[in-house]
Amino acid sequence: MSTEATVEKIVSLCKRRGFVFQSSEIYGGIGGFWDYGPLGVELKNNIKRAWWKAVVQERDDMVGLDAAIVMNPTVWKASGHLDTFADPMVDCKECKRRFRADELAHHVPASAHGHAAEAPVVRCPECGGELTEPRMFNLMFKTYVGPVEDDASVAYLRPETAQGMFVNFSNVLQTMRRKLPFGMAQIGKAFRNEITPGNFIFRDREFEQMEIEYFVKPGTDEEWHQHWVEERHRWYLNLGLSPERLRVRRLDREELAHYAKDTYEVEYLFPMGWSELEGIANRTDFDLGRHAEFSGRVLEYFDEETGEHVVPYVIEPSSGVDRLFMAFLMDSYDEEEVRGETRAILRLHKDLAPTKVAVLPLSRNEQLVPPAREVWALLRPHWMTQFDDAQSIGRRYRRQDEVGTPYCVTIDFDTLTDQAVTIRERDSMEQVRVPIANLVAALREKLEPA
Ligand code: GAP
């Protein structure tokens, strides 16, 4: 990330250029919910595609799943979410604002730090007013299934996609004839009624997760945990995140979730500080054990080599698409001086760029637009493209730089005689002339090198 990237600039770029809009904006919005615009949905899809390729397509030990968002409510009793998935909440008695008590620890006045024996008095960070005692607040969204709104019809929107994979353990094991170790991957929406959503799309109430549940023989879990930490760290680096803004941190014991024996986080240095992109937890046999207990089903693996039945241990790499979206945008944003002007640029990895190629006739001249449209039609079956003929060519290059388009193809008056076009590269701004007959092959070499 360049020093120029601030959350304000990224929010403004996202709105101005169609990446992210506030949900239901015309009605004043709704906190913690966001809509992804035409370029945002492309970037999001590209992040998900890159993840799926790395963790399902290219591996011989992984399969995919797409489970329902609403599950039998006993799932959440068994998983521990009904009892423990809660944050402490406090209200300001003066201004009535609401806060997460654990986050307010960061707002302790400087003089209160360093006096471990005295419990610091935390006051409202907005108005300095007195706060209520903390109350636990369950983060799961409640709904009712069917026409009657009574206790028997209560259900929840899933707060993580993970449980869909645990409850399908036997189905997948049997239908796919898997041996340990093997894993499932799932991408899907999750919902948490966060007390304080914020930092743009970093903490939302509706978000998308990309999760893996990787089932291993007990005793091999620590080795596989290390494997996944390394794999996942490398994935971010391969997609261009700055190594100095990415770190892997092992959580302290008191930070662990109720199901975890050990957890590493992949963290990114956002303007608000080091923050979690992905958690990689050793969930042991906690979930399969609990679901076996609550469902009465046997959730075990028969090891043919030893003749033993085992409850597999689980390694869970779990990331959030929206957080990765924000990290990739912040990290790739740059500004540089070009001929006395500031050029804003997203140096996104080619695989992530929402538009791969922009087709630009030099001007709206009636001789240039028809061949430019023909070139556009030639490229559309292969990549996400844009056609732009409004304003000067310089401005159009800047517009594409700002949304991370790796290549612009320009049609000029020479094209009418030499049947060639210019490919201009985003980062270096270098230009090469290529015959239209070779254009698809030339772009493929650049966008999808073997
Ligand atoms: N199944 C494990 C699990 O859900 P988590 O650490 O609570 O673990 C995993 O969430 C990932 O989901 C996080 O690393 C983050 O990327 C994403 N995530 C969690 N809560 C989020 C929220 N409120 N808004 C956006 N992303 C969130």
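Predicted model: local features only at pLDDT ≥ 70, side-chain atom pairs only at ≥ 80, totals over all residues.
Figure 1. For Glu211, a polar side-chain atom is placed 2.5 Å from a nitrogen atom of the ligand, and an N or O atom in the side chain of Glu194 is 2.8 Å from a ligand nitrogen atom. Taken alone, the ligand exposes 550 Å², and the protein buries 91% of that area. The elements that give two or more residues to the shell around the ligand are strands β10 (206-216), β13 (273-284) and β16 (313-320).

**Figure 2. Composition of the shell around the ligand.** The ligand is surrounded by 21 residues, the closest of which are Glu160, Arg192, Glu194, Glu211 and Glu276. By residue class, the shell divides into 11 charged, 5 polar and 5 nonpolar residues. Strand β13 supplies the largest share of the shell, with 5 residues.

Figure 3. Asp87 is found in strand β4, which runs over residues 86-91. Its relative accessible area is 12%, a value under the 20% limit for burial, and Asp87 is therefore classed as buried. Once neighbours within four places in sequence are left aside, Asp87 is in contact with Arg100, Arg135, Met136, Phe137, Leu139, Glu194 and Ile195. One of these contacts, Glu194, is also among the residues closest to the ligand.

**Figure 4. Leu39 and Trp52, two residues of helix α2.** Trp52 has its place in helix α2, which covers residues 38-57, and Leu39 lies in helix α2 as well. Leu39 counts as buried, at 9% relative accessibility, whereas Trp52, at 30% relative accessibility, counts as partly exposed. Not counting residues up to four places away in sequence, Leu39 touches Arg17, Gly18, Phe19, Pro354, Thr355, Gln386 and Val403. With neighbours within four places in sequence likewise left aside, the contacts of Trp52 are Gln57, Gly64, Leu65, Ala185, Gln186 and Ile187. The C-alpha atoms of Trp52 and Gly64, which are 12 residues apart along the chain, are separated by 8.6 Å. For Leu39 and Gly320, which are 281 residues apart along the chain, the separation of the C-alpha atoms is 19 Å.

**Figure 5. The buried face of helix α14.** In helix α14, formed by residues 439-447, the residues Leu439, Val440, Ala442, Leu443 and Leu447 are buried. Seen down the axis of α14, these buried residues fall within an arc of 165°, so they line one face of the helix. Ala441 and Glu445, on the other side of α14, are exposed. The cover over the buried residues of α14 includes helix α11 (369-379) together with strands β19 (357-361), β21 (407-411), β22 (420-425) and β23 (431-435).

**Figure 6. Backbone geometry in the loop between α7 and β9.** Most residues other than glycine have a negative phi, and most peptide bonds are trans. Leu180 and Pro181 are joined by a cis peptide bond, with omega at about -5°, and Pro181 lies in the loop between α7 (169-175) and β9 (182-191). Arg177 is found in the loop between α7 and β9 too, and has a positive phi of about 45° although it is not a glycine. The side of the chain at Arg177 is open to solvent in the computed sense that Arg177 is exposed, with a relative accessible area of 73%.

**Figure 7. Met429 in the loop between β22 and β23.** Met429 is found in the loop that lies between β22 and β23, two of the strands included in the cover over the buried residues of α14. Although Met429 is not a glycine, its phi is positive, at about 65°. At 24% relative accessibility, Met429 counts as partly exposed.

**Figure 8. The protein chain as a whole, for orientation.** The protein chain contains 14 helices and 23 strands, and its C-alpha trace spans about 75 × 65 × 50 Å along the principal axes. Of the 450 residues in the chain, 51% are buried. The accessible surface comes to about 22,000 Å², with 49% of it belonging to carbon and sulfur atoms. Among contacts between residues at least 6 apart in sequence, 67% join residues at least 24 apart.

Note on methods: Residues numbered from 1 in each chain as written. Heavy atoms only, no water. Near = heavy atom within 4 Å. Polar contact = N/O pair within 3.5 Å; in protein donor to acceptor, adjacent residues only side chain to side chain. Areas by Shrake-Rupley, 256 points an atom, 1.4 Å probe, with all protein chains shown as cover. Helix = DSSP H or I, 4+ residues; strand = E, 2+ residues; numbered from the N terminus. Nonpolar A, V, L, I, M, F, W, Y, C, P; charged D, E, K, R; others polar. Buried < 20%, exposed > 50% of the residue type's maximum accessible area, 1.4 Å probe, protein only. Arc of directions from axis to C-beta. Contact = heavy atoms within 4.5 Å.
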